[in-house]
Amino acid sequence: MKIDKYMSRTGIYPRRETARLIQAGRITINGIVCEKGAEVEAGDLVAVDGQPVSLSQEELVYLALNKPVGITCTAAREVEGNIIDYVNYPSRIFAVGRLDKHSEGLILMTNDGDIVNKIMRSENHHEKEYRVSVDKPVTSEFLQAMSAGVPILGTVTKPCVTYPVDDQEFGIVLTQGLNLQIRRMCKELGQRVLRLERTRIMNITLDGLARGKWRHLTRDELDELLATLNRQ
């Protein structure tokens with residue numbers, strides 16, 4: 001199989017990390033520095049910095065976390081308030097995507113590199129839903145402008161779904177993942193975000209999951225998630 005798929009199946013190295021390691025010349029196959037697109041055959045010895053890497057025999061783990069404000073979505077243990085120490089799961093897992101430190105809500109965590117790659121590859125297709133509180137009244141004009149596309153980061157955001165929730169709160173469904181996208185969109189339209197909560201990723205929701213708690217995905221949730229990813 002391709003080296004990036006092999007590395008992702010270890011449960012340790014997502015494909016983006018593998019690409020960085022290959023570029024740095026830190027991965028070898030049978031003692032030879034690995035190149036992009038290299039194939040791994042049965043019996044090959046794959047190593048990172050000289051340390052052998054084998055396919056994970058661990059049971060695959062899929063978690064939904066209701067992340068509180070203040071937790072950072074990084075696997076770097078030296079970062080105070082990192083998500084790995086916060087969840088404190090007994091085996092190695094990593095977050096799928098990001099939710100900024102000042103935002104809260106749903107984030108998926110897993111040791112399955114394949115599903116991480118599928119979700120990240122389809123990031124501009126699958127739905128993510130948010131509840132947003134702002135510092136001024138939410139008008140129909142504001143919602144229409146948000147849904148039509150807002151110029152940020154040298155581009156215009158993709159059309160999206162918005163709906164009113166309360167006087168100063170609205171919902172938004174994105175199929176895009178630009179850096180701090182909702183906060184930047186609101187700022188461009190004269191609103192300041194006071195609270196931002198992600199409530200849904202594709203078919204996975206926060207329903208019944210208390211702030212700061214996590215749970216395993218159900219079999220039905222996982223089956224539907226994988227079926228959707230495999231169609232994209």
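This is a predicted model: local features need pLDDT of at least 70, side-chain atom pairs count only at pLDDT 80 or more; totals for chains, interfaces and linings use all residues.
User: Why is Glu-221 called buried?

Analyst: The relative accessible area of Glu-221 is 14%, and buried means under 20%. The value falls below that cut-off, so Glu-221 is called buried. Glu-221 belongs to helix 7, which covers residues 219–231.

User: What makes the pairing of Glu-221 with Arg-215 a polar contact?

Analyst: The two side chains come to 2.8 Å of each other, and the limit for a pair of N or O atoms is 3.5 Å. The distance is inside the limit, so the pair counts as a polar contact. A polar atom of the Glu-221 side chain also lies 2.9 Å from the backbone nitrogen of Thr-218.

User: Which residues does Glu-221 touch, leaving out those up to four places away in sequence?

Analyst: Glu-221 touches Asn-203, Ile-204 and Arg-215.

User: How do you know that the buried residues of helix 5 are on the same side?

Analyst: Phe-142, Leu-143, Met-146 and Ser-147 are the buried residues in helix 5, residues 140–148. They cover an arc of only 130° around the axis, and therefore sit on the same side of helix 5. The face turned away from that buried side carries the exposed residues Ser-140, Glu-141, Gln-144 and Ala-148.

User: What covers the buried residues of helix 5?

Analyst: The cover includes strand 11 (161–166), strand 12 (169–174) and helix 6 (181–188). Just after helix 5, Gly-149 takes a positive phi of about 125°.

User: What makes the largest cavity a cavity, and what lines it?

Analyst: A cavity is a set of points where a 1.4 Å probe fits but cannot get out. The search of the whole structure finds 1 cavity of 30 Å³ or more, and the largest cavity has a volume of about 40 Å³. Its lining residues include Tyr-62, Val-96, Met-109, Ile-119 and Leu-225. Strand 5 (62–67), strand 7 (104–110) and helix 4 (113–121) each give two or more residues to that lining. The largest share, 3 residues, comes from strand 7.

User: What is known of the largest pocket?

Analyst: The largest pocket has a volume of about 1100 Å³. It is lined by 45 residues, and the closest to its centre are Ala-95, Val-96, Gly-97, Arg-98 and Met-120. Helix 4 gives the largest share of the lining, 5 residues. By class, the pocket lining has 24 nonpolar, 9 polar and 12 charged residues.

User: Why is Asn-30 called partly exposed?

Analyst: Asn-30 has 45% relative accessibility, while buried means under 20% and exposed means over 50%. The value lies in between, so Asn-30 counts as partly exposed. Asn-30 is in the loop between strand 1 (27–29) and strand 2 (32–33). Its phi is near 55°, a positive value in a residue other than glycine.

User: Why is Asn-88 called exposed?

Analyst: The relative accessible area of Asn-88 is 59%, and exposed means over 50%. The value passes the cut-off, so Asn-88 is called exposed. Asn-88 lies in the loop between helix 3 and strand 6. Asn-88 is not a glycine, yet has a positive phi of about 55°.

Note on methods. Residues are numbered from 1 along each chain as its sequence is written. Side-chain values use heavy atoms; hydrogens and water are left out. Helices (H or I, at least four residues) and strands (E, at least two) are DSSP runs, numbered from the N terminus. Buried means under 20% relative accessible area, exposed over 50%, partly exposed in between (1.4 Å probe, protein chains only). A polar contact is a pair of N or O atoms within 3.5 Å; within protein, one must be able to donate a hydrogen and the other to accept it, and residues adjacent in sequence count only if both atoms are side-chain atoms. Contact means heavy atoms within 4.5 Å. On a 1 Å grid over the protein atoms alone, a cavity is a set of points where a 1.4 Å probe fits but cannot get out, and a pocket is an open set with protein on both sides within 12 Å along at least five of seven lines; lining residues have an atom within 4 Å of a point. Grid points are joined across faces, edges and corners, and a volume is the space filled by probe spheres set on the points. The arc is that of the directions from the helix axis to the C-beta atoms. Ala, Val, Leu, Ile, Met, Phe, Trp, Tyr, Cys and Pro count as nonpolar, Asp, Glu, Lys and Arg as charged, and the others, Gly among them, as polar.
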